[in-house]
Amino acid sequence: MGLRGGGRVHSVALLSLIPRMEEVEAAIQRALHTHDYNTAIWLCEQAHAATVDPSGRLADHPLSLTLATCYYRSGKPHRAYAVLKGCTKPEHKFLFALAW
C-alpha cells in the first residue's frame with residue numbers, strides 16, 4: 001500500500017502511525033523480548049531520528065539506554081559504548097561499564 005516505496009518502509013510514515021512514544025517503546029521491548037535485535041535497533045534509531053533534541057547528544061536522549069541495550073544484546077558492545085559515552089544518568093552507567 002502507501003507505506004512502501006522502493007522496498008523500504010519510510011520512517012516518517014511508520015512513526016506517524018504510532019502516535020505515542022510509549023507504543024514505540026513497547027514495540028521495541030517486544031522485539032528485544034523475542035530476540036529480534038535488528039527490528040529493535042531499527043525502531044530505536046528511527047524514533048531517535050524523529051525526536052532528536054537540539055543538543056544532538058545521544059547520551060542525554062530519552063531512548064539512549066534502550067538503544068544501547070539493543071546494541072549490547074545484539075553483540076555490538078562498542079556501539080552501546082558510543083551511545084552512552086558522556087552519560088550522566090546513574091541508570092546508564094552500569095550498561096556503559098559492561099560495554100567498556
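User: What should I know about the model before we start?
Analyst: It's predicted, so local features need pLDDT of at least 70 and side-chain atom pairs count only at pLDDT 80 or more, while totals for chains, interfaces and linings use all residues. Residues are numbered from 1 along each chain as its sequence is written, and side-chain values use heavy atoms, leaving out hydrogens and water.

User: How many aromatic pairs turn up in the whole structure?
Analyst: The search finds 1. Tyr81 and Phe96 are stacked, 4.8 Å centre to centre with 15° between the planes. Rings of Phe, Tyr and Trp (its six-membered ring) pair if their centres lie within 6.5 Å; planes under 30 degrees apart are stacked, over 60 edge-to-face, and the rest tilted.

User: Which parts does that pair tie together?
Analyst: Tyr81 is in helix 5 (residues 77-84) and Phe96 in helix 6 (residues 90-99), so the pair links parts 15 residues apart in sequence. Helices here are DSSP runs (H or I, at least four residues), numbered from the N terminus.

User: OK, the core. Which residues touch the most other members?
Analyst: Ile28 and Cys70, out of 22 residues in the largest nonpolar core. That's a set of buried Ala, Val, Leu, Ile, Met, Phe, Trp, Tyr and Cys joined through side-chain atoms within 4.5 Å; buried means under 20% relative accessible area, exposed over 50%, partly exposed in between (1.4 Å probe, protein chains only).

User: Which helix gives the largest share?
Analyst: Helix 3, with 6 residues.

User: And Tyr72, where is that?
Analyst: In helix 4; at 31% relative accessibility, Tyr72 is partly exposed.

Methods
Helix = DSSP H or I, 4+ residues; strand = E, 2+ residues; numbered from the N terminus.
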